[in-house]
Structures are given as structure tokens and as C-alpha cells.
Amino acid sequence: MKRTYGRLIGGVLASTLALASGLAGCGDAQKADPTAAASAASTAVPAGGSTVPAAKTPQPAGPKPVLRVGALKGPTGMGMAKLMEDDAQGKTAVDYEFTLLDSPDDMTAKIINGDLDAAAVPTNMALTLYNKTGGAVQLAAVNTLGVLSLLENGSSIKSVADLKGKTIYTSGKGATQDFAFRYILKQNGLDPEKDVTLDYKLQQAELAAAAASGDAALALLPQPHVTTAMMKNPNLRVALDITQEWAKASGSNDKLAMGCVLVQKKYAQANKGAFTTYLEEYKQSVQFVNGQADQAAELIAKHAILPNAAVAKKAIPLSNIVYIDAQEAKPFLNKFYQVLFDFEPKSVGGKLADDAFYYAK
């Protein structure tokens with residue numbers, strides 16, 4: 001397994017990038033020297049730039065299919081921790097090359113350039129890339145549901161209606177979380193432009209610090225920033241669970257799908273067996289993370305998906321890490337995309353999803 005770490009850049013919404021017109025090839029299905037591939041060392045490049053080897057357990061000679069997988073730090077990558085560990089130990093049926101990145105924008109570039117065969121990405125990014133590349137990618141599964149909470153340093157907010165006249169500190173104007181929150185406000189009779197003040201000046205890490213220090217009385221944050229802020233300030237409380245508020249606002253039990261697994265269509269067609277195996281191994285990893293929080297937290301920290309195990313352990317049960325096949329997720333995803341499209345068509349690449357967007361096993 002090879003892991004590389006991208007540098008943090010400010011952009012959050014992938015659809016704001018200047019997207020290239022096509023995808024490069026999806027990589028070889030097998031390594032030229034399977035014996036060497038099975039025993040090759042993985043490399044992790046920390047911030048200082050040095051290389052730390054982490055050798056795989058040697059395996060018997062024989063080719064393994066190769067899959068280059070991208071993951072984001074945070075909830076969309078947390079479910080992959082056990083899979084990353086199993087791969088490092090040579091226990092997987094597929095030889096994975098993992099790339100761990102800080103921002104969706106970094107991920108977008110790698111997908112467009114053909115540097116990745118599959119990736120865990122925000123759901124709006126998946127549809128944006130599908131539209132911008134003429135259907136060269138597909139959504140294979142949902143891996144993260146709602147991870148947003150409204151934190152309050154106080155006890156005055158009991159419902160969405162209580163937000164009238166308030167200033168809510170948030171980030172990522174025009175991002176998925178922004179549209180989801182504004183939809184909830186509108187469905188509760190509040191005009192996001194007139195009845196509340198949405199302050200976007202701070203990035204998520206800065207906003208978490210401001211909430212912990214008391215400088216932001218109401219802060220809309222995703223995991224793990226919610227957990228980080230609450231660990232620093234025990235007076236903070238979750239005033240509104242945005243996942244629950246989404247279900248109320250939509251008038252159904254529709255899920256707020258924030259993260260998904262994307263695959264290059266060309267790779268999936270040429271390596272169907274390998275990709276099917278990946279989905280099964282990934283599903284097992286998700287089950288492990290949700291069922292074995294203590295061990296999973298250590299792996300999440302070990303593979304630098306979150307900064308430390310203490311944060312990871314508290315964040316796991318609040319991060320809505322799931323595995324839902326694309327065909328099962330299609331109904332609630334279509335409704336979610338409709339909400340985003342109604343606010344801003346560019347947020348999903350200008351068009352709603354068609355059936356070909358959803359991968360079928």
C-alpha cells in the first residue's frame with residue numbers, strides 16, 4: 001500500500017474548480033511483478049517531508065488486482081481505516097494504493113487526471129464529476145450520512161424556529177452543508193437572507209476553536225470538529241442535530257447523504273471482479289469501525305485520517321459511517337440532489353442524476 005498526503009487548500013466545493021474535459025486511463029489491473037508487489041513497502045509522507053516505511057506482510061507469489069483509492073481525512077475516510085490496515089498487512093484480496101488528502105479540491109484534480117480508480121468523496125462532487133466528464137465516473141455506494149450539528153454555547157435554541165434573529169457562524173458558502181442548512185431554514189418558515197445572519201468568515205478548524213473559546217455562540221460544524229470543540233469546552237451542547245432536522249424538513253425519512261464511494265467507469269468495467277471485491281472489503285471495514293470503536297480509533301489515528309485516537313473514538317458514533325449500495329441509495333440521493341439543484345444547479349454540475357450515474361453490481 002502506498003499512501004500520500006495532499007496539502008490543505010481552501011476550496012471546499014468541487015464544482016467551483018475548472019474541471020478538465022476528460023479522464024485519463026484508470027491504471028493497470030495487475031502489477032508487472034506480483035511477487036514484488038506483495039512485499040513492497042508502503043510509504044507515508046508526513047508534513048516534514050520525510051519517508052517512514054511500513055512494510056507489508058510478505059505474501060505468496062501470484063498477481064493481485066490493483067486499485068488506486070483516494071480518501072479524505074475526516075468522516076468520509078474513517079470507514080476505510082480497517083481496510084488500510086489489512087492492506088498494509090497483506091490480508092486483502094486486492095492490492096490497494098491509498099492516497100489520503102485534506103480537501104475535496106485536491107481529490108477532484110486526481111480523479112480528473114486519472115490518478116485514482118476509486119475515491120471516497122462528497123456526494124455533490126460525485127455528480128459534478130459525472131456531469132463534467134460525460135459520465136466517466138459513477139457513484140457506487142453511500143458511505144457517510146449527516147455529520148452536521150449546530151453547537152450552542154448556551155441553552156436558548158430548542159428548535160429551528162428559535163434561530164430567528166440569530167447569527168449563525170458557519171463555513172463553505174455554496175457548499176453542500178450550506179445548501180442543506182438553508183433548505184432546513186426555509187422549510188421551517190425562515191428566510192436565510194432576512195431572518196438569520198449566516199457568517200462565513202471562518203474555516204471549519206477556526207470555527208471549532210471559536211466555538212470552544214466562546215467567541216461563536218452558534219456554530220454549524222461537521223464531525224470531527226464538533227467533537228474537537230466539545231472536548232475543549234464542556235459547556236458546548238448540540239442544540240440541533242442537522243440530520244434529524246433534514247428528515248423533519250423533507251417530510252420523510254430521507255437520509256442526508258454527505259459522502260459516497262466513486263469509481264472510474266472504465267476501471268469498473270475492465271476489472272469488475274476486483275471492484276466488487278473492494279466494495280465487499282470496504283463494507284467489512286465499515287462494520288469493523290462501527291462495531292469496534294476502540295480498535296478502530298487507534299487505526300484511524302495510525303493512518304492519519306484524524307489527528308488522534310481520543311478524538312476518533314468520540315467522533316465514530318456521531319459520524320454516521322455507513323455502507324449503502326448505490327441502487328438502494330438512489331431514491332434518497334435523487335431527492336437530495338434535487339434540493340441542491342434547486343438552490344444552485346452548478347452545485348451538482350448543472351444536471352440531475354440519471355440511472356447511468358448509479359453503479360450496478
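Rings of Phe, Tyr and Trp (its six-membered ring) pair if their centres lie within 6.5 Å. In this predicted model, ring pairs join Tyr96, Phe98, Phe275, Tyr278, Tyr282, Tyr323 and Tyr359 into a cluster. The count of aromatic pairs comes to 13.

One of these pairs is formed by phenylalanine 179 and phenylalanine 343, whose rings are stacked, with 5.7 Å centre to centre and 25° between the planes. The pair links distant parts of the chain: phenylalanine 179 belongs to helix H6 (residues 176-187) and phenylalanine 343 to helix H14, and the two are 164 residues apart. Phenylalanine 179 is buried, with a relative accessible area of 4%, whereas phenylalanine 343 counts as partly exposed at 24%. A ring also takes part in a contact with a charge: the charged end of lysine 82 sits over the ring of phenylalanine 288, 5.0 Å from its centre.

**The sheet**

An open sheet is built from six strands in the order E4-E3-E5-E12-E6-E13, with mixed pairing. Strand E4 (95-101) and strand E13 (321-325) stand at the edges; each has a single partner strand, so one side of each is left without a neighbour in the sheet. From one strand to the next, the twist averages 30°. Strands of a sheet pair through backbone hydrogen bonds, either parallel or antiparallel. Strand E3 (residues 66-72) and strand E5 (residues 118-122) pair in the parallel sense, over two bridges. Within this pairing, glycine 70 has alanine 119 of E5 as its bridge partner.

Helix H11 (residues 272-291) packs on the sheet and touches E3, E4, E5, strand E6 (137-144), strand E12 (259-264) and E13. The direction of helix H11 makes about 150° with that of E13.

**Nonpolar cores**

The largest nonpolar core has 58 residues, of which Leu163 and Tyr337 touch the most other members. Helix H14 (residues 326-343) gives the most to this core, with eight residues. Which residues are in contact with tyrosine 337, leaving aside its neighbours within four places in sequence? They are Thr123, Asn124, Leu127, Leu139, Val348, Leu352, Ala353, Phe357 and Tyr358. A second, separate core of 42 residues includes Ala81, Met84, Val286 and Val311.

**Backbone geometry in loops**

Most residues other than glycine have a negative phi, and most peptide bonds are trans.

| Position | Backbone value | Loop |
|---|---|---|
| Glutamine 223 to proline 224 | cis, omega near 0° | proline 224: between strand E10 (218-222) and helix H8 (225-232) |
| Asparagine 320 | phi of about 50° | between H13 and E13 |

How values were computed. Residues are numbered from 1 along each chain as its sequence is written. This is a predicted model: local features need pLDDT of at least 70, side-chain atom pairs count only at pLDDT 80 or more; totals for chains, interfaces and linings use all residues. Side-chain values use heavy atoms; hydrogens and water are left out. A nonpolar core is a set of buried Ala, Val, Leu, Ile, Met, Phe, Trp, Tyr and Cys residues joined through side-chain atoms within 4.5 Å. Buried means under 20% relative accessible area, exposed over 50%, partly exposed in between (1.4 Å probe, protein chains only). Helices (H or I, at least four residues) and strands (E, at least two) are DSSP runs, numbered from the N terminus. Contact means heavy atoms within 4.5 Å. Two strands pair if DSSP finds at least two bridges between them. Axes are lines fitted to C-alpha atoms, for helices over the stretch in contact, and angles run from 0 to 180 degrees between N-to-C directions. Rings of Phe, Tyr and Trp (its six-membered ring) pair if their centres lie within 6.5 Å; planes under 30 degrees apart count as stacked, over 60 as edge-to-face and the rest as tilted. A charge sits over a ring if NZ of Lys or CZ of Arg is within 6 Å of the ring centre and within 35 degrees of the ring normal.
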